[in-house]
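Student: I'd like to learn how to read helix packing and aromatic pairs in a model. Can we go through one together?

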Amino acid sequence: MKTDGLDPNTVTYTTLISGLSQNGHNSEALTYFKQLFQVGYRPNSASIVVALSASTNMASLHEGRTIHRYILRQKILLSLPVATVLVDMYAKCGSLNCAKCIFDLIPKKELALYNAMIYGYDLHGCVVEALALFKRLSQGGMEPDIITFTSMLSSCCHIGLVKEGLDVLYDMLFVYHMKPSVEHYGCMITLLSKCGNLDEAMQLIHSMPFEPDKNVFESLLVACRELRGTELEEHIANCLIKMEPDNSGHYVSLSNAYATSGRWNQVSKLRDFMKKKSLRKRPRFSWNRISYVCFRRHVAFTQEISTIYTLLDREIQLT
């Protein structure tokens, strides 16, 4: 930075690190965080928060722990913002026990800290713990916000707790007088459809005060496949095609619905149509971390493979 005529200080570095992290350059952000030490400065709470956020974005437990060790060695006060981002980092990087330890260390908790811990429980499928913490938050006189309710409804989806999900939605509407967003409705629709209540899920979609987005339909589509709701699956796939006519995945879903019901002529016509439009499904990928380095592994998943899976599934059902 000095080559650009700047005389950097902790504030300058913090601003740079924050900007890099917010724009997806997390590795570079952490490089500048380390450089801050090399030029003789000490990070403040804001520097630590943005560096931990960069570690979280990279899913780097190693980097996050390194920063936490620095906090412990320097006996830096564990302020609420630092504690909140530590809980978030540990939960998202797979160390839920560490997240809970940090959470329990803070005597006077605020909503952001509760939200981070509830989201952590949701992320790890710990529904009972999330419900208990939500109850504790409410009984303590603290008012949950939109983020809290999103995590709670998502948690109920994990193991199909329809009653509990409806209770959470009721509290949101009639106790705290909040208007659910499309994301909240989406969670409830996913919950209903996963439990086999496809008609109720469709009724909820029609009663929404705004147009459903593709995420709502996609969650319902998954349930239709699992429950063999072929007609509804076809209807939803067509809705998604209208929303995103260039998304090949929606055509594959429609092809699967045709194949399940034995309409092979329709499958063939749809496949020809996709070829004419040069529609190919994008390869799936997953992140793998080896010795602190992330690799992206592609999974080729073509329309032909999808059709083969449908055919095999049909053969299994017949035997």
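This is a predicted model: local features need pLDDT of at least 70, side-chain atom pairs count only at pLDDT 80 or more; totals for chains, interfaces and linings use all residues.

Student: Which residues in α3 meet α5?

Tutor: On the α3 side they are S45, I48, V49, L52, S53 and T56, and they meet P81, V82, V85, L86, D88, M89 and K92 in α5. By class, that contact has eight nonpolar, three polar and two charged residues (Ala, Val, Leu, Ile, Met, Phe, Trp, Tyr, Cys and Pro are nonpolar, Asp, Glu, Lys and Arg charged, and the others, Gly among them, polar).

Student: How do I describe the packing of two helices?

Tutor: Two packed helices are described by the angle between their axes and the distance between the axes. Here the axes of α3 (residues 45-57) and α5 (residues 80-92) come within 9 Å and cross at roughly 10°. That makes α3 roughly parallel to α5 (angles under 35 degrees count as roughly parallel, over 145 as roughly antiparallel, 65 to 115 as roughly perpendicular and the rest as oblique).

Student: And what about aromatic rings?

Tutor: A pair of aromatic rings is described by the distance of the centres and the angle of the planes. Rings of Phe, Tyr and Trp (its six-membered ring) pair if their centres lie within 6.5 Å; planes under 30 degrees apart are stacked, over 60 edge-to-face and the rest tilted. A search of the whole structure finds eight aromatic pairs. One of them is edge-to-face: F37 and Y70 have ring centres 5.0 Å apart and planes at 80°. F37 sits in helix α2 (residues 26-38) and Y70 in helix α4 (residues 61-73), so this pair ties together parts 33 residues apart in sequence. Ring pairs also link F33, F37 and Y70 into a cluster.

Student: Is F37 buried, exposed or partly exposed, and which is Y70?

Tutor: Buried means under 20% relative accessible area, exposed over 50%, partly exposed in between (1.4 Å probe, protein chains only). F37 counts as partly exposed at 33%, and Y70 as buried at 10%.

Student: What kind of pair do Y170 and F174 form?

Tutor: A tilted one, because their ring centres are 4.9 Å apart and the planes lie at 45°. Y170 and F174 are four residues apart in helix α10 (residues 162-175), about one helical turn.

Definitions and conventions: Residues are numbered from 1 along each chain as its sequence is written. Side-chain values use heavy atoms; hydrogens and water are left out. Axes are lines fitted to C-alpha atoms, for helices over the stretch in contact, and angles run from 0 to 180 degrees between N-to-C directions. Helices (H or I, at least four residues) and strands (E, at least two) are DSSP runs, numbered from the N terminus. Contact means heavy atoms within 4.5 Å.
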